[in-house]
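User: I've got a structure open here and would like to talk through it. Could you help me read it?

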Amino acid sequence: MRSDSHDIGRLYEQHGGEVLHYLARRCPEEAAQDLLQETFLQVVRSADRLEGVTLPRAWLFGIARHLLAGHFRRQAKAEPAGEIAPETMIADREDGRLPAMREAIAQLAPELRETLELRLTDDLSYEEIASVLGVPVGTVRSRLHNAVRRLRAVLTLPETKP
Amino acid sequence: MNIEILEALLIDRALGHLSPEVEVLLAEHLAANAAAARSAAELCETVALASSVLQPPAPRLVLPPPAVAIFPPRRARRVLALAASFAAGAGVALLALRGTAPQPAPANVRASAPATVVAHAPSLRRVESNPALRALPFWSKERAVTLAAAKQSNR
């Protein structure tokens with residue numbers, strides 16, 4: 001038990017911040033902190049599986065993602081997973097192409113957008129994303145490639161502004 | 001190089017997923033091929049823009065400290081000892097009070113029925129008896145609320 005607690009404590013120190021950021025980008029900070037604790041409660045509950053976990057960060061993100069989905073389900077004003085919250089949008093003044101990019105990202109299929117977010121915002125490897133989403137690595141790669149191709153097409157379109 | 005394979009490699013490169021060896025080989029190819037280099041730059045730009053849209057301004061999030069940091073072991077032992085002695089004292093006092101005869105009510109005062117308190121302490125015992133949860137080194141708001149609610153309803 002002591003070694004489990006020690007391992008879980010180390011997991012918390014190493015990845016707690018990343019999981020918190022992942023959650024806080026998708027729900028209010030207070031809910032994110034509760035979900036973070038709930039994530040680690042789940043880890044404690046399944047501490048016997050800890051030894052067999054090869055990608056601990058992906059495992060944690062997977063639990064957090066599952067809890068987040070439950071949180072959204074419980075909320076009456078559920079926000080679809082992967083939706084870009086208005087407060088996370090950055091000012092458009094830096095680059096005139098940002099609005100088009102934002103729109104293009106919003107129009108991506110949810111699974112493409114979520115995969116892209118896990119790569120670009122949460123900095124997970126292809127293998128980790130595959131573990132979080134429960135899909136093969138090849139699927140992750142093809143989703144990412146599809147997403148990038150579509151976004152690139154938006155940027156290379158001729159300017160329509162007068 | 002096959003154009004589809006090249007594009008796939010360039011996208012992986014833009015996403016930061018190429019192994020160093022492949023990265024070196026690809027860099028050599030790009031140095032000798034202007035069209036491919038232009039395509040690579042476009043893809044990097046696309047990914048950079050997508051990142052700037054997806055990434056919110058870095059929030060100042062503080063990881064809730066583990067309970068051990070709030071309660072260092074030695075201090076925790078002292079607090080627990082204090083709480084235990086208080087609980088023991090309260091228990092003895094309660095037993096002593098129960099042992100004494102009730103005061104007779106004055107004749108002109110009508111006895112009223114005691115207020116009914118419905119106590120729901122649903123998960124306290126379960127939470128407390130689970131050794132894994134008891135050993136949990138993390139602070140949880142949800143857990144704190146459960147404990148507080150259970151304590152309140154026990155009163």
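**Burial, fold and a helix contact**

User: What share of the 162 residues in chain A is buried?
Analyst: Bear in mind that this is a predicted model. A residue goes down as buried if 20 or more other C-beta atoms lie within 10 Å of its own. For chain A, with its 162 residues, the buried share is 38%.

User: How many helices and strands does chain A have?
Analyst: Going along the sequence, the pattern reads α-α-α-α-α-α-α. The count for chain A is therefore 7 helices and 0 strands.

User: At what angle do the axes of α4 of chain A and α3 of chain B cross?
Analyst: The helices in question are α4 (residues 98-107) of chain A and α3 (residues 34-54) of chain B, whose axes come within 9 Å. The angle is roughly 80°.

User: Which residues of α3(B) does α4(A) meet?
Analyst: From α4(A), the residues taking part are A:Leu98, A:Met101, A:Arg102 and A:Ile105. By class, this contact has 7 nonpolar, 1 polar and 1 charged residues. On the α3(B) side they meet B:Leu49, B:Ala50, B:Ser52, B:Val53 and B:Leu54.

User: Which element of chain A has the lowest mean pLDDT?
Analyst: Chain A averages a pLDDT of 83, and 81% of the residues score at least 70. Over residues 84-92 of chain A, though, the pLDDT is below 50. Among the elements, helix α6 (residues 126-133) has the highest mean, 96, while the lowest, 82, belongs to helix α1 (residues 2-24).

Methods
Residues numbered from 1 in each chain as written. Chains lettered and ligands numbered in written order. Predicted model: local features only at pLDDT ≥ 70, side-chain atom pairs only at ≥ 80, totals over all residues. Axes fitted to C-alpha atoms, helices over the stretch in contact; angles between N-to-C directions. Helix = DSSP H or I, 4+ residues; strand = E, 2+ residues; numbered from the N terminus. Contact = placed C-beta atoms within 7 Å. Nonpolar A, V, L, I, M, F, W, Y, C, P; charged D, E, K, R; others polar. Buried ≥ 20, exposed ≤ 12 C-beta atoms within 10 Å, placed from the backbone. pLDDT = per-residue confidence, 0-100.
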